[in-house]
Amino acid sequence: MNSTETKKPSILSNLTTQILIAMILGAALGIVLHNTISEAAALEFSNKIKILATVFIRLVQMIISPLVFTTLVVGIAKLGNVSAVGRIGGKALGWFFTASLISLLIGLFYVNLLEPGVGLNLLDVDVNSVSEVADKTQNINFNNFIEHIVPKSIFEAMSTNEILQIVVFSIFFGLAAASIGDYVKPVINALDKSSHIILKMVNYVMNFAPIGVFGAIAGVFAVRDFQELAITYFKFFGSFLIGIATLWVFLIAVGYLFLKSRMTVLLKRIVSPLIIAFGTTSSEAVFPKLTEELERFGVKDKIVSFMLPLGYSFNLDGSMMYMTFASIFIAQAYGIELDLGTQLTMLLVLMLTSKGIAGVPRASLVVVAATCGMFDIPIEGIALILPIDHFCDMFRSATNVLGNALATSVVGQWEGDKEIEAAE
């Protein structure tokens, strides 16, 4: 990619610094308004200021579908044959399911060790707020999961940003193109050039990231009493953070095991995507930027274009850890004892039902609610974690980005990217 900069940017023009400043200013504004204006006025402000985040995320969503399609098709065509696709896909899925299992086990371990839900007072829980999440759980079953994988229309899949469905179509399209050979080279070249145009658009869209982060943070802190949340949910949130921190240590350690000193370079590369995902609570919002940074890191474009779309459907490490943690937390809160066998069964259910729903709003909560229903745990318990869920989502979104960046880099190295040169 031809996107190197001709001069070193100043500190204030650095995107990461701008986003950090936006987060601080947004939090400060939200806290000040929460403590100085009425609840109704704060809610109105929150609804209006969040439009900044909505516009930014919609700008990103605008380019995700064409980016996934063009890069994945070109990547498969460049791989050249079905055996190469199968080899890389096998490595990818092996990594994804192993990482998911470990993430689930970490959540299972800490929720049983720390027992954040034991002895919780369930009075004054707002169960009305659960309806939005509970309504979506009826679509979480094996049949609908299988149907969800296969698109009935690529245009419908693109219009709704169903990444997994776009991946399925792109794989078929790419394999068909690769099997035809030189005859379709003009089509592949056109898609290749299109992907570079879209990646250039990424640079324009990312200029709006600080504004989007500012709006998202200010909107949340304006309507949430941070002190009250910190006290009321200290045990749940604190326990969750211990689990997430453990997962980060594990992922980074695995990164150093496979990438050695290059892991430090990778972490420097993905700081900006991590902060954007953290601020907007959307790993989807950094998909184009992450694609660009991984290619700059040195992973071949054919590996990036193949791995990232798969990762966004199958490799949500932060979300997986949260799902077991939240599900068993709710059971603890209601005094429902689950033996180890039941918990392991729940873990396997979460492993399967969580795949391919990355585009669903509040996907983690939807899966948690569906899982609770399967194991006769009151779905209303979701109301316990809704007030703190946004803050949990910040950490799990950033963790999802870290996990996918690591998976892509390691598989890229396995595929023989020995000549990787990082531009620091």
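Which residues does UniProt list for "transmembrane region" in its unreviewed entry? The entry lists residues 12-35, 55-80, 92-113, 163-184, 204-224, 236-259 and 365-386. UniProt positions follow the numbering used here, feature names are shortened, and annotations may be inferred rather than shown by experiment.

Colleagues, a word on the basis of this talk. The model is predicted, so local features need pLDDT of at least 70 and side-chain atom pairs count only at pLDDT 80 or more, while totals for chains, interfaces and linings use all residues. Residues are numbered from 1 along each chain as its sequence is written, and side-chain values use heavy atoms, with hydrogens and water left out.

I begin with the overall picture. The protein has 19 helices and zero strands; both are DSSP runs numbered from the N terminus, helices being H or I of at least four residues and strands E of at least two. Of its 424 residues, 53% count as buried. Buried means under 20% relative accessible area, exposed means over 50%, and partly exposed lies in between, with a 1.4 Å probe and protein chains only. Among contacts with a separation of 6 or more, 87% come from residues 24 or more positions apart, where contact means heavy atoms within 4.5 Å.

Residues 163-184 are 82% helix and 0% strand, with end C-alpha atoms 25 Å apart. Residues 204-224 are 86% helix and 0% strand, and their end C-alpha atoms are 32 Å apart.

R224, in the loop between α9 (209-223) and α10 (226-232), is partly exposed, at a relative accessible area of 32%. From R224 to H34 the C-alpha distance is 7.4 Å, although 190 residues separate them in sequence.

Next, a helix pair. Helix α7 (residues 163-180) and helix α15 (residues 301-314) have axes that come within 9 Å and cross at roughly 140 degrees. Axes are lines fitted to C-alpha atoms, for helices over the stretch in contact, and angles run from 0 to 180 degrees between N-to-C directions. The two helices are therefore oblique to each other; angles under 35 degrees count as roughly parallel, over 145 as roughly antiparallel, 65 to 115 as roughly perpendicular and the rest as oblique. I163, L164 and V167 of α7 meet P309, L310, Y312, S313 and F314 of α15.

Leaving aside residues up to four places away in sequence, T291 touches L67, L199, V304 and L308.
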